[in-house]
Amino acid sequence: MLNTDKIQALLFDFGGTIDTGGLHWVHILYPLWEARHPGLDPSLYSRAFAHGERSLAQKKIIQKEDNFLDLLEKKLAIQAAYLNQHGLPCTIMDQKSIADEAYQEASYNCQQHAGILKMLGQKYRIAMVSNFYGNLHTVLKDFGILPLFETITESAVVGVKKPDPRIWQLGADSLHLPTDRVVAIGDALTKDMIPATSIGCQGIWIQGKGWEEAPGSAGTGDQSQYEESVNKYQLIPIKSLSQLPELLLSKK
């Protein structure tokens, strides 16, 4: 159970949380690629996705002024090059159209979740802790949600990356609050929930569809492992951010 009497602030993850509502981006992008290349091997796409993430982490490809559409276009260009090298003929039109569709979906999700964040912000301080590329302020401003966050702790800026729990500590420190006054809200067990709760934060886990599940799969996951994780780390599981107001604003 949440100790709502102690909570003063909510620390939100961004990717897979605010922009998708519980889906890892591999599960957003794979169906868009597969629609243009029916029968696309999910394992091949997973490798292309991972290659793209490594490339973005190792090279200064994303610029501070890039918005989310710019980011997607660069990310998809790397994925397309990898897929081309492995026999899948990807075109510039593929990249552009997928980027546009994915951007519109992320924008829609951010606008839907903005209303929830505003409601929560009437009672709690709202902040963000995210693994990102140095352009998170630009992305949030483009989506119109930057003013909703009191502070933003971004891995590329602070030099600490999840799953290192220090990034969650920095998020709490940015609000000048002890961790037991803070709730971490994210979609990833290993990157969000375990490190955040290890330093004393309470945890609300959006149980969606993570990286470890194959693209195109039903995404039911291991129920016993899920229950074990909830109990071990004393997490509050939810399926959607829409559950947060009742959970956190209830007078019960």
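Predicted model: local features only at pLDDT ≥ 70, side-chain atom pairs only at ≥ 80, totals over all residues.
User: How do you know whether the radius of gyration agrees with a compact globule?
Analyst: The radius is taken over C-alpha atoms, and the globule rule is 2.2 Å times the number of residues to the power 0.38. For 252 residues a compact globule would come out near 18 Å, and the protein has 18 Å, so the two agree. The C-alpha atoms fill a box of roughly 55 × 40 × 30 Å along the principal axes.

User: What makes a residue buried, and how much of the protein is?
Analyst: Buried means under 20% relative accessible area, exposed means over 50%, and partly exposed is in between (1.4 Å probe, protein chains only). Buried residues make up 51% of the 252.

User: What share of the contacts joins residues at least 24 apart?
Analyst: Among contacts between residues at least 6 apart in sequence, 69% join residues at least 24 apart.

User: Why is D180–K6 called a salt bridge?
Analyst: A salt bridge needs a side-chain nitrogen of Lys or Arg within 4 Å of a carboxyl oxygen of Asp or Glu. The D180 and K6 side chains meet at 2.9 Å, N to O, so the pair qualifies. The pair links distant parts of the chain, 174 residues apart: D180 is in the loop between α7 (166–174) and β4 (182–186), and K6 is in the segment before β1 (9–12). D180 is partly exposed at 31%, and K6 is partly exposed at 26%.

User: What makes E53 and K75 a tie between separate parts?
Analyst: Their closest N and O atoms are 3.0 Å apart, in a salt bridge. E53 lies in helix α2 (residues 42–58) and K75 in helix α3 (residues 68–85), so the pair ties together parts 22 residues apart in sequence. E53 is partly exposed, with a relative accessible area of 24%, whereas K75 is buried at 7%.

User: And how do you know which class E150 and R125 fall into?
Analyst: E150 has 45% relative accessibility and counts as partly exposed; R125, at 28%, counts as partly exposed too. Their side chains meet in a salt bridge at 2.6 Å, N to O.

User: How many salt bridges are there, and which residues are joined into a network?
Analyst: The structure holds nine salt bridges. Bridges that share partners join D13, K162 and D192 into one network.

User: What makes the K162 to P163 peptide bond stand out?
Analyst: That bond is cis, with omega near 15°. Most residues other than glycine have a negative phi, and most peptide bonds are trans. P163 is found in the loop between α6 (155–158) and α7.

User: What about phi at H176 and Q234?
Analyst: H176 has a positive phi of about 60° although it is not a glycine, and Q234 has a positive phi near 50°. H176 is in the loop between α7 and β4, and Q234 is in the loop between α9 (223–232) and β6 (235–238).

User: Why is each of them called exposed?
Analyst: H176 has a relative accessible area of 72% and Q234 has 68%.

Note on methods:
Residues numbered from 1 in each chain as written. Heavy atoms only, no water. Contact = heavy atoms within 4.5 Å. Helix = DSSP H or I, 4+ residues; strand = E, 2+ residues; numbered from the N terminus.
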